[in-house]
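Please read them with the structure open.

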Amino acid sequence: MQTHDLRRLSRRARLGLLSAAGAIAAALVFSAGALAAAAPSPASAAPAAVTPQNLTVTTGTGQVEGRTTGAVDQWLGLPYARPPAGALRWAPPQPAQSWSGVRSALSYGGRCAQPASGNGPRIDNEDCLYLNVYAPSVIPAGKKLPVMFMIHGGGLTTGAGDQQDGSLLAQSEGIIVVSVNYRLGPLGFLDLPGLSSAVPDGNFGLADQEAALKWVHANIAGFGGDPSQVAIAGESAGGWSVCALLASPPARGLFARAIMESGSCDSQSGSTAQTGSLAFARTAGCPDPATAAACLRGKSEATLLSASGSYQPLFTYGGPDLPTAPQKAVDSGNFAKVPVLMGTNHDEGRTFSQGYAGYTQAQYTQLVDSTFGALAPQVLAHYPWSAYPSPYTAAYAIGAILTDSGTVGGIGGCAEQNLAASLAKNTRTYFFQFDDEHAPGLNNSVPGYQWGAGHAMELAYLWPSFTNGYSLAAEFTPAQRALSRQMIAYWGAFTKAGSPDAAGQPAWPAYSPAAGGRAGLLSLRPGGQSRAITGATFGAQHQCSFWDPVLNGSGLPAAAARIAG
């Protein structure tokens, strides 16, 4: 999730919040790398009757040859669609071309075009529709394994499938892991008249995800996977993607479970999308709405990327992929009613608020006033300066506001609890809060800054390849390693059975918006201290008695009228 998610605020408020954009963006890295030495051990030995994986696998477009680590086999950079360049730019993904012979699958495919960010350097590349497969090297005879289909975060502007090496989950839990690239920024999400009759709402990145899921259904059996047991999973913008897929009619039947970490059902209307798309076109040198689509097609990828600095992509509803807003689909029960595991981090906003570390009390008060208008005195009363430690008081206070209100793209606190309640009315839902208040920080740019359980900080516990210039997993204490093993067991159990109940782990009750407490969510804590808590406890932690009426739209001042979805 990146700073552009602040579009939910008024323009005036955004200008203040975006002043810290550079520091915030640097916090959101999860680069690929080798498994850390501190990675948990496999949960159990393989059954006696096993079948070694063949590293040469036949897919619908040709044979691919992977590599093995001994415990896990990997096939990297598999094309699931043709390069979306030239005539295929802003077109629905087309089936990959066949090849003769055996294609090497030993290295990742190119990342999709994206600006420089905490996720890595600028990438100028449109040949990027690739996925990666990780599987146990031995599989029980005659068995097909459940599949976790991981969608990366990055605010729909940055990131790549190579950030999630699925080897640990595959080895420990006996599942197949697939990670995927999809088009980003204006190349993945642009809604202009005449741009595409086949994807009229501009959700090209969502169409890519659906094409990758179709590839999995057609081909994963060759890698040892079961196409009827696919769990879609995503974090941050990947979590947005999971909700969009739940609501998307073309995605029905392509998955059987869903995992949403620090996500939401955030989306925008067609009119809002076109306003932003036309503004991007003007920046890119195509000011005439009547000819903007044709004009943009004539621009180089580099020109388009350079013009995208202020462009804020989001899923757009009103077309065939998303006939209604994903949140509305969930609230009305018109979505794929598969089991859902979802949750949030206790201090989501601290990842976004580090840039305010130097703010004075006067600057903090001014920011709250400009953001919340008539509501500001109440916000300041609930989040007083005196309640947060120095020397970074403003950053902690702003982080708490961002967390509890779900201001950043519907992520965090009360907004997440409301989403869990809405899902639980129609499908079995498991809700968590990541509560390791001493998780390794994502950078050291502000010495002594207390990250708490900030946004994206749970990723290293599931993906030891998640780094930020150094191995976060290598910094784990023994208690944190225990939490990592526990989370892997929960996520693996859910992928396999649609329930996170895992042998030897604390019970995880299904969430229920029951009268008097919305009972049953799991607090994930280090050192074997994870335990179920009530929704009432969660609500008190995040001041939901104050924020729920705001999130429901009652009495909002104009400046904060779109705080959350």
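1. Cys544 has a relative accessible area of 3%, so this residue is buried (buried means under 20% relative accessible area, exposed over 50%, partly exposed in between, with a 1.4 Å probe and protein chains only). Its disulfide partner is Cys414, likewise buried, at 0% relative accessible area. The S to S distance of the pair is 2.2 Å (a disulfide is a pair of cysteine sulfur atoms within 2.5 Å). The torsion about this S-S bond is about -100 degrees, so the disulfide of Cys414 and Cys544 is left-handed. Cys414 belongs to helix α15 (residues 413-424) and Cys544 to helix α19 (residues 544-551), so the bond ties together parts that are 130 residues apart in sequence. Helices (H or I, at least four residues) and strands (E, at least two) are DSSP runs, numbered from the N terminus.

2. A word on the basis of these values. The model is predicted: local features need pLDDT of at least 70 and side-chain atom pairs count only at pLDDT 80 or more, while totals for chains, interfaces and linings use all residues. Residues are numbered from 1 along each chain as its sequence is written, and side-chain values use heavy atoms, with hydrogens and water left out.

3. How many disulfides does a search of the whole structure find? The search returns 4. With the bonded cysteines of the protein chain numbered in sequence order, they pair as 1-2, 3-4, 5-6, 7-8.

4. Cys112 and Cys128 are joined by a disulfide with an S to S distance of 2.1 Å. Both cysteines are in the loop between β6 (102-104) and β7 (130-136), and they are 16 residues apart. The torsion about the S-S bond of Cys112 and Cys128 is about 85 degrees, so this disulfide is right-handed. Cys112 and Cys128 are both buried.

5. The sulfur atoms of Cys243 and Cys265 are 1.9 Å apart, and the two residues form a disulfide. Cys243 is in helix α6 (residues 237-247), whereas Cys265 is in the loop between β12 (257-261) and α7 (270-283), so parts 22 residues apart in sequence are tied together. This link of Cys243 and Cys265 is right-handed, with 90 degrees about the S-S bond. Cys243 and Cys265 are buried.

6. The sheet is open and mixed in pairing, with 11 strands in the order β4-β5-β7-β10-β9-β11-β12-β13-β14-β15-β16 (two strands pair if DSSP finds at least two bridges between them). Which strands stand at the edges? These are β4 (67-68) and β16 (531-533); each has a single partner strand, so one side of each is left without a neighbour in the sheet. Within the sheet, β12 runs parallel to β13 (residues 340-345), and 4 bridges join them. Ile259 stands opposite Leu341 in β13.

7. Helix α15 lies across β12, β13 and β14 (429-434), and runs at about 170 degrees to β13. Helix α17 (residues 478-497) also packs on the sheet, where it touches β9 (145-151), β11 (225-235), β12, β13, β14 and β15 (521-524). The direction of α17 makes about 150 degrees with that of β12. Contact means heavy atoms within 4.5 Å; axes are lines fitted to C-alpha atoms, for helices over the stretch in contact, and angles run from 0 to 180 degrees between N-to-C directions.

8. The salt bridge count is 5 (a side-chain nitrogen of Lys or Arg within 4 Å of a carboxyl oxygen of Asp or Glu). One of them joins Glu126 and Arg89, at 3.0 Å from N to O. Glu126 is in the loop between β6 and β7 and Arg89 in the loop between β5 (72-79) and β6, so the bridge ties together parts that are 37 residues apart in sequence. Glu126 and Arg89 are both buried.

9. In the salt bridge of Arg111 with Asp162, the closest N and O atoms are 2.8 Å apart. Arg111 lies in the loop between β6 and β7 and Asp162 in the loop between β9 and α3 (167-173), 51 residues apart. Arg111 is buried at 14% relative accessible area, and Asp162 is buried at 9%.

10. Glu173 and Lys496 form a salt bridge with their closest N and O atoms 3.4 Å apart. Glu173 is in helix α3 and Lys496 in helix α17, so the pair ties together parts that are 323 residues apart in sequence. Glu173 is buried, with a relative accessible area of 10%, whereas Lys496 is partly exposed, at 33%.
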